[in-house]
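User: I'd like to talk through how two chains meet in a model. Can you take me through it step by step?

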Amino acid sequence: MEILIPHEDEMLALGARLAQACGHSGAIIFLHGELGAGKTTLVRGFLRGLGHAGKVKSPTYTLVEPYEIGQRHIYHFDLYRLAGPQELEYLGIRDFLEKNAIFLVEWPERGAHYLPPPDIEVHIDYAGSERVVRFEPRTVAGKNAVLQLGSNP
Amino acid sequence: MRVVGIETSCDETGVAIYDSARGLLAHALHSQVALHAEYGGVVPELASRDHVRKVLPLLRQVMNQADTRPDDIGGVAYTAGPGLAGALLVGAAVGRSLAWAWGVPAVAVHHMEGHLLAPMLEDDPPAFPFVALLVSGGHTQLVRVDGVGRYTILGESLDDAAGEAFDKTAKLLGLGYPGGPALARLAQRGDPKRFHFPRPMTNRPGLDFSFSGLKTFAVNSLQMQGGDDQTRADIARAFQDAVVDTLAIKCRRALQQTGLERLVVSGGVSANTALRERLGRIAGEEGAQVFYPRLEFCTDNGAMIAYAGCRRVQAGQAEPLAFFATPRWPLDVLAPP
């Protein structure tokens, strides 16, 4: 499924809709796109959609920013500065993955083979000053979430 | 009293000795930049291992330089956070153990407190209270400093740090990562009139920052206009002007809001010449004075940790025998010693 996003506000709204579509279960979502494409903006919308009112800082420096919203745990990873995927082990990735949480992972290719397979892969591409967001479900849960997202614009 | 300071929060190993009567006696730094450069980022595990290798040789070096024996040491300070957990644990383990072996107090220092107090190492230090702007790859904060351990966060970045925005925009412009200084050089040949970037969050009250939109603006400009040399220089110029302007507007606002007359600027981005010129001008207009730590103390170093630690040891602070690292540690929970 592809969606044209003309402006940042629509990217935030899309993030919130994605959060709703994921329901109450855990999910692993990979976010692909160049610098400045809007990956963190989508995450900001996602977190706000779940009711998060505080800051959404870039995790580029800290590699992961954790959030606790109500009973839910959400981890926002940015693997941009990761030199090798085995570094994920040193970050304690296994401890994180044991939880039934939502994982939003930017630059997942830098964590290849050390990350579990995603439920959904999101690709954000430039189209001039607009963006094209493409959702590719990879599991049954992911497929249901994307269907839900598509049927509820 | 002489205090050893150990800094290992990220990719620099710093060790220093500060004497409460004579000032900074010696400091040494090992930068891991070359180690991480081939990877284009900081490798947490490599960083920890390199700290292990470097911290004791650096300690011996500063002890020799300062003509100091273990008997002369009155305390050991180490950075306990915020930072990379593994890297912090090296400094904390070494620092706490040394203090135990030498029978002196150990003090866990907050990394950002070190930066806030770094200008105190200079000959002409600012008096309290002052406003501090910390701008680096990991942080952008405006802090009111009323004394050691008395910090109020006035504003901070809601998304990317200013230095991070510099580094990422540099990458977009094909200057490598991290490339903040390279971007500043490219901006010198840029036309300031060709592009106009927004000044995020300056048209509403408050002292928070947001820099991620500027990166997007740079991408969009590059997409629309193509990436020839002059266009890249013009984008670099417009980007830098926007960051400098935004930081300056917020600093002016912080001075006006607090009524304070001293502005301290620290962190890696404070080396930026355009920023220094601009802040000098607004401080003049506001009747304020600007203080910078020397350039080598604008980035991570052991001297600032030795200073902050010395002030806290002198006030009687001491950690229990256990050591800890706190990768996430808000600045405003600190208390005076």
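**Where chain B meets chain A**

User: How many residue pairs are in polar contact across the interface of chain B and chain A?
Analyst: Keep in mind that this is a predicted model. Both residues of a pair had to be at pLDDT 80 or more to be counted here.

User: Which helix of chain B gives the most to the side that touches chain A?
Analyst: Three helices of chain B each supply at least two residues to that side: H2 (44–65), H5 (162–172) and H7 (212–225). One of them leads with six residues, and that's H7(B).

User: By class, how many nonpolar, polar and charged residues does the side of chain B that touches chain A have?
Analyst: On the chain B side, 28 residues are in contact with 24 residues of chain A. Sorted by class, those of chain B come out as 11 nonpolar, eight polar and nine charged.

User: Which residue of chain A meets Asp159(B) in a salt bridge?
Analyst: The rule finds four salt bridges across this interface. In the one with Asp159(B), the side chains sit 3.8 Å apart, N to O. That falls within the 4 Å cut-off, and the partner is Arg44(A).

User: What area do chain B and chain A bury between them?
Analyst: Interface size is often given as the accessible area lost when the parts come together. Here, 56% of the buried area is on carbon and sulfur atoms. The total for the two chains is about 2,400 Å².

User: What ipTM does the model score?
Analyst: For chain B, the mean pLDDT is 92, and 96% of its residues reach 70 or more. The model's pTM is 0.86, and its ipTM is 0.78.

Note on methods. Residues are numbered from 1 along each chain as its sequence is written. Chains are lettered from A and ligands numbered from 1 in the order in which they are written. Side-chain values use heavy atoms; hydrogens and water are left out. Contact means heavy atoms within 4.5 Å. Buried area is the accessible area (1.4 Å probe) that two parts lose on being put together, summed over both. A polar contact is a pair of N or O atoms within 3.5 Å; within protein, one must be able to donate a hydrogen and the other to accept it, and residues adjacent in sequence count only if both atoms are side-chain atoms. Helices (H or I, at least four residues) and strands (E, at least two) are DSSP runs, numbered from the N terminus. Ala, Val, Leu, Ile, Met, Phe, Trp, Tyr, Cys and Pro count as nonpolar, Asp, Glu, Lys and Arg as charged, and the others, Gly among them, as polar. pLDDT is the predictor's confidence in each residue, from 0 to 100.
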